[in-house]
Amino acid sequence: MARPTDTPAWRALQSHYEKIKDLHLRRLFAEDPSRGQKLAAEGAGLYLDYSKNRITAETVGLLLQLAKERGVAERRDAMFRGEKINITEKRAVLHVALRAPKGVEIRVDGKDVVPEVHAVLDKMAQFSNRVRSGEWKGHTGKRIRNVINIGIGGSYLGPEMAYAALRDVSDRAMTFRFVANVDGAAFAEATHDLDPAETLFIISSKTFTTLETMTNAATARRWIVEKLGSDAAVARHFVAVSTNEAEVRKFGIDTANMFGFWDWVGGRYSMDSAIGLSTMIAIGPENYRELLGGFRAMDEHFCTAPLEKNLPVLMGLLTVWYNNFFGAQTIGIMPYSDNLRRFPAYLQQLQMESNGKHVDLDGNHVGVQTGPIIWGEPGTDGQHSFYQLIHQGTKLIPCDLIGFCRPLSALKEHHDLLMSNVFAQAEALAFGKTPEELKAEGSPDFQTPFRVCEGNRPTNVILADKLTPRTLGSLVALYEHNVFTQGAIWDIDSFDQWGVELGKVLAKRIIPELESSSEPDLKHDSSTNALIRRYRRLRSGR
């Protein structure tokens, strides 16, 4: 495929950008009082107001033309058909099959994978019910009250984010914790106040060889065996989410308690696979199926809604608009919900690992800036820290503000205050405060330059009824398909992660150099050699 910059729509967008780049949102709203209703769309329980973006109707038309010229719909359909669109690993990309209802047919290499998906879901449900009811007992006969998920990347961020988001429907009699970091302090903190006899570990690793995960798993195994006094305890306190039956058995886990998934499920797209076992135990199988229903609703919206009303497509195109024409390098994700405090971190992996690529599908340099940096914190926390830079700094930072119309708590007045800030921040970022407005308010003249807010800072506002399992599924799928849209425009493989692998390979080479009892023969660059020597010297107390 040609570079995106070689397409007629891209060239037209570049010319269009030069004409409207200084156009202010104040003028756009003044010229069209109904703009707020026109530039909005909804689907799968989510409402998107994208009117406070630096765009006109012509911008939207040109972006949609770009999507057509880059084959976004065709590539989307190829993904849903099970074609191997992950070309570097020659794999299908079928996280959408994880939430397909029974009776839908999705084939990979001629085989319908949906029955297998539901067989795993049924097995997860049976196990979850046994743990939640107390039927599943630990080695000493005590019921399980604590669940620790050990994984990394998608095997950690998804389950941790989902548990925090859905804690209001979780079993509050149980404790759920998540360990990823190989820093021993993470494991020690997760277990320091728990009774081993009441603790279940879920080891989540597709290969069951991931260095960080298996290091933490080995520590967990020693903790259980030492505290409970028998290797036999492992079978009652560990289950695996993996595809490597031999390694799972070698670890001491009964393979009857191994929950599988497939190579067409990428790690960062796996929270609704067996990787979500801890989520299902926490919220129960029925709520978990509601979560899957939300995913599925957004999948159907993505597949069927016209591009001009398609939420993921619109958000993906707006990302391209700011990233490639305005030169914006970051996007702020600001959920106005304390339960979604880990959502920005989840999206960091989803977006940056997917679209942090420098070559296209033909192996040529992509020629444009790709994946933006994703960051954020819950509102209103961020308003008292980094929002200052967004309002008055010199960087353009588009933001997504996510809010819910109904609260999770009974403190309605708190929720009205919270949501007033969603609307106020979007308004303030768009329209700012002019010198004339400050003067009319009686602001001292000497303060005026410091108090002026230029405005013209773009936002998307995403509203939903309430943060439920179904809403969370829709929200995650919205961003999955948003990422897909961006990748299709840039013609990159959003489903591999070779850059991640390089650091892992080098770390394995360095580990024995750190652990060696004798001075190793170091053959790195001078900086790495000096750092390793300094570490060895200080670690040993010399």
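**Close-up 1. The largest cavity and the residues around it.** Of the 20 residues that line the largest cavity, Thr319, Ile331, Pro398, Asp400 and Asn460 lie nearest its centre. Please keep in mind throughout that this is a predicted model. The elements that each supply two or more lining residues here are the helices α14 (311-326) and α20 (469-490), together with the strands β10 (330-335), β12 (399-404) and β13 (459-464). Helix α14 makes the biggest contribution to the lining of this cavity, with 5 residues. The space inside the largest cavity comes to about 160 Å³, and the structure holds 4 cavities of 30 Å³ or more.

**Close-up 2. An open sheet of 6 strands with mixed pairing.** Reading across this sheet, the strands come in the order β1-β2-β13-β12-β10-β11. At the edges you will find β1 (40-43) and β11 (373-375); each has a single partner strand, so one side of each is left without a neighbour in the sheet. On average, and with direction ignored, neighbouring strands of this sheet are turned by 20° against each other.

**Close-up 3. An open sheet of 5 strands with parallel pairing.** Here the order is β6-β5-β7-β8-β9. The edge strands, β6 (175-179) and β9 (258-259), each pair on one side only. Strand β8 (residues 238-241) meets β9 in the parallel sense over 2 bridges, and Ala240 stands opposite Met258 in β9. Helix α7 (residues 154-165) touches β5 (146-150), β6 and β7 (199-204), and its direction makes about 150° with that of β6. Helix α8 (residues 184-191) also touches β5, β6 and β7, with its direction at about 175° to that of β6.

**Close-up 4. The largest pocket and its lining.** This pocket has a volume of about 1,200 Å³. Its lining is made up of 44 residues, and those nearest the centre are Ile152, Thr210, Val500, Glu501 and Lys504. Helix α7, seen in the previous view, is one of the elements that give two or more residues to the lining, as are α9 (211-228), α15 (343-355) and α21 (498-515). Which element gives the most to the lining of the largest pocket? That is α21, with 9 residues.

**Close-up 5. Helix α5 and what covers it.** Within α5 (residues 72-80), the buried residues are Val72, Arg75, Arg76, Ala78, Met79 and Phe80. Their cover includes α4 (57-69), α13 and α20. Just after the helix, look for Gly82, which takes a positive phi of about 90°.

**Close-up 6. Thr304 in helix α13.** Thr304 belongs to helix α13 (residues 285-304). Is this residue buried or exposed? Thr304 counts as exposed because its relative accessibility is 64%, and the cut-off for that class is over 50%. The side chain of Thr304 reaches the backbone oxygen of Glu300 at 2.6 Å. Arg81 is 223 residues away from Thr304 along the chain, with 14 Å between the two C-alpha atoms.

Definitions and conventions: Residues are numbered from 1 along each chain as its sequence is written. This is a predicted model: local features need pLDDT of at least 70, side-chain atom pairs count only at pLDDT 80 or more; totals for chains, interfaces and linings use all residues. Side-chain values use heavy atoms; hydrogens and water are left out. Two strands pair if DSSP finds at least two bridges between them. Helices (H or I, at least four residues) and strands (E, at least two) are DSSP runs, numbered from the N terminus. Contact means heavy atoms within 4.5 Å. Axes are lines fitted to C-alpha atoms, for helices over the stretch in contact, and angles run from 0 to 180 degrees between N-to-C directions. Buried means under 20% relative accessible area, exposed over 50%, partly exposed in between (1.4 Å probe, protein chains only). A polar contact is a pair of N or O atoms within 3.5 Å; within protein, one must be able to donate a hydrogen and the other to accept it, and residues adjacent in sequence count only if both atoms are side-chain atoms. On a 1 Å grid over the protein atoms alone, a cavity is a set of points where a 1.4 Å probe fits but cannot get out, and a pocket is an open set with protein on both sides within 12 Å along at least five of seven lines; lining residues have an atom within 4 Å of a point. Grid points are joined across faces, edges and corners, and a volume is the space filled by probe spheres set on the points.
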